[in-house]
Amino acid sequence: MFGFTDETTITAASGHGGSGCVSFRREKYVPRGGPDGGDGGKGGDVVFRVRRNLRTLAHLASQDKFFAENGKPGKGRKKHGSDGQDLIIDVPPGTIIRDAETREVLKDLTGEEEHWVFLEGGKGGKGNWHFRSATRQAPRYAQSGLPGVQRNLIIELRIIADIGFVGFPNAGKSSLLNLLTNAHSKVAGYPFTTKIPHLGVFSSGERLITLADIPGIIEGASQGAGLGITFLKHIARTSGIAYFIDMGDEHFLSAYEKLVNELRTYSPELARKPEVMIASKMDLPEAPQRLEQLQKLYPQKEIIPLSVFSGAGVQQVRQAFMRLAAS
Ligand SMILES: Nc1nc2c(ncn2[C@@H]2O[C@H](COP(=O)(O)OP(=O)(O)OP(=O)(O)O)[C@@H](O)[C@H]2O)c(=O)[nH]1
Ligand SMILES: [Mg+2]
C-alpha cells in the first residue's frame, strides 16, 4: 500500500526444547559406568521489542515465518545442550499484536524500548542420569524436550502522535509539518501529494510533541473515496485534531462540516476529540474576508489564521498544539 506497511500477517514459533541424552560413562577400567546423559537445552523465546527509530512495519513485510531456534540435545558426561537463540522481532511504538484467526488483541506495544516475551521456548528434557535409582542403575530412558508454541499473528501499526492533521488535499498540512518539525513531507500544488503518513516532532520545553500528517481526506472518504479512510486509524490515538481549512478554496465554508462528518462516520470518538481549526494560506488576497465569514459561522470555535509563507500565526498554532497535547 503505497510503500507504507501498517499491517502484516506472520507465523511465530518458539523453539522446541532439546531432548535429554541417554548415555553411560565409559572409562578405562570402569566397564559398566553409571548413566551420564545431560539435559537438553531450552528452546528460544519469541520476543517483541519496541524500537523508537522504527516508523513502519515494512521490515517485516518480506518475511512471514519467525521461528526461534530449538534447544540442542544433551550430551554424554552430563553436558547440557545449549539453549536455542531467542527470536527478537523489532516493531515501532504503537504496534498491536492480534491473533490472526479471532483478531483478539494480545498486546498493545505503546511503550518505548519495551521488551515483551510473547512465546516461551519449550523446556529441555532431562538426561538419563536424573532417572537412576537404587533399583534402576542403568536407565535407558531420558525425557524429550517440550515442544515450542506456534501462533499466527496479525501485526498492526497504529501510530501514536499528539496531534493529527485533517484536511482536504492541498490544504497545506505537509507545509506546516515541515515548517514546525524536522520532517520532510512532500509538498506540491496538487491533491494527494501525501500518500503515506508522516510524523514530525518539535520540542516545547521538556516535552516532545509529535504531529501526524496523513493524506488528504475528501467527501466520501469514509466509504472509500480518494485514499479512503485507511489512514484515519493513524490519528485514532492522538490527543487532538487540527482541522485545516484552505482559505484559497471557494468551498471553505463547508469544509469543516464535511471533514468532521467523514471522521464521525469512521469513528464518533475520533470526531469528538479536542480540536483546533487552522485557516491556512492567509496570505492570499481573498483570505481575510473569508476568515470573517468562517468566524461568523463558528463563533464558538477556536480558529487560528495561518500563513506558512509569511510565518503569520505559526506561534499561535504551536501553542495550540502544546495545549491539545496536554489535554
Ligand atoms: N499561498 C499559500 N500557499 C500555501 C501555504 N501553505 C501551503 N501552500 C501551498 O499549497 C499547496 C499544497 O500544500 P501541501 O502542504 O502539499 O498540502 P497538503 O494538505 O499536504 O496536501 P495533500 O498532501 O495533497 O493532502 C502547495 O503548493 C503549497 O506550496 C500558505 O501558507 N500560503
Ligand atoms: Mg500533504
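Predicted model: local features only at pLDDT ≥ 70, side-chain atom pairs only at ≥ 80, totals over all residues.
Local features were taken only at pLDDT of at least 70 and side-chain atom pairs only at pLDDT 80 or more, whereas totals for chains, interfaces and linings use all residues. Residues are numbered from 1 along each chain as its sequence is written, with chains lettered from A and ligands numbered from 1 in the order in which they are written.

The protein chain is divided into domain 1 (1-158) and domain 2 (163-326), the bounds coming from an automatic or database domain assignment. Their centres, taken over C-alpha atoms, are separated by 47 Å.

Helices (H or I, at least four residues) and strands (E, at least two) are DSSP runs, numbered from the N terminus. Buried residues have 20 or more other C-beta atoms within 10 Å of their own, exposed ones 12 or fewer, and partly exposed ones lie in between, with C-beta atoms placed from the backbone. In helix α5, the buried residues are V317, A320, F321, L324 and A325. Viewed down the axis of α5, they fall within an arc of 135 degrees (directions from the helix axis to the C-beta atoms), so they line one face of the helix.

Ligand 1 is surrounded by 24 residues, counted where the C-beta atom, placed from the backbone, lies within 6 Å of the ligand. The closest are S174, S175, G189, T194 and G216. Helix α1 (residues 173-180) contributes the largest share of this shell, 3 residues.

E219 is located in the loop between β11 and β12. With 16 other C-beta atoms within 10 Å, E219 is partly exposed. The C-alpha atoms of E219 and K258 are 6.4 Å apart, at a sequence separation of 39 residues.
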